[in-house]
Amino acid sequence: MNATALASAASLPVLIAAKEDFSFNGMRIFTSIPDYHYDVAALRGMVIVYDRECLSRDPIKEGNFYVVESQYPVGGMSWEMWLELERGDRTSRAQPSSPLRTRREVVEAVRRDGRWWHRLPSGFHDGPFQEWAVAHQMVGKVVGLYRPD
C-alpha cells in the first residue's frame, strides 16, 4: 500500500466484532405491562418492556439495552419531497398531508475507543456518536420481557 492508501485506511472507523445475539438472561419477566411510564417494543418475536422515564434519571451505561426511535416518510418518499408537501397549503388542515412512519428498535449501548456506538439486533454497529448525541434517539431503557403465561 502506498502512503495515501494507508492514510485513508487509518481514517476509517474501527470495526467492532459482532456478538452472537442479544442476551436477556436475568432480565425481569412481566406478566402484564405496568401503567404509567412503561411501553413495549418488538424484537424478533419477543415483546420487550422499556421504561420511558429512566433516561432523565440514569446515565447511559455500556452493555444496557435501550429502545431507539426513528421516523421516515412513507412509500419510499425522500425527505425533501415530504418537506415540500408539508410546506404546501397548511391553512385547510391540522395534520401532515403525508404521515411519517415510526420505527422502534432495541440496541445495546457499546463504548469503544472512548466513543459510543449502538449495537443493532443484526450485529452491525451504528456510530460512533458524540457524547451529547448518544441518547438523542433513545426513548427508554429495556427493563424486561413481557410473557403473559
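Here are a few notes on the model above, point by point.

1. A word on the ground rules: this is a predicted model, where local features need pLDDT of at least 70, side-chain atom pairs count only at pLDDT 80 or more, and totals for chains, interfaces and linings use all residues. Residues are numbered from 1 along each chain as its sequence is written, and side-chain values use heavy atoms, with hydrogens and water left out.

2. Take His37 to start. You'll find His37 in the loop between strand S1 (28-30) and strand S2 (38-43); strands here are DSSP runs of E, at least two residues, numbered from the N terminus. Beyond its neighbours within four places in sequence, His37 is in contact (heavy atoms within 4.5 Å) with Tyr50, Asp51, Arg52 and Glu53. With Asp51 there is a side-chain to side-chain polar contact at 2.8 Å; the term means a pair of N or O atoms within 3.5 Å, one able to donate a hydrogen and the other to accept it, and residues adjacent in sequence count only if both atoms are side-chain atoms.

3. Now the strands. S4 (residues 65-73) pairs antiparallel with S5 (residues 100-112) over nine bridges, pairing being at least two DSSP bridges between two strands. Ser70 has Arg103 as its bridge partner in S5. S4 is also joined to S8 (residues 138-146), again antiparallel, by three bridges, and there Val67 is partnered by Gly140.

Methods: Helix = DSSP H or I, 4+ residues; strand = E, 2+ residues; numbered from the N terminus.
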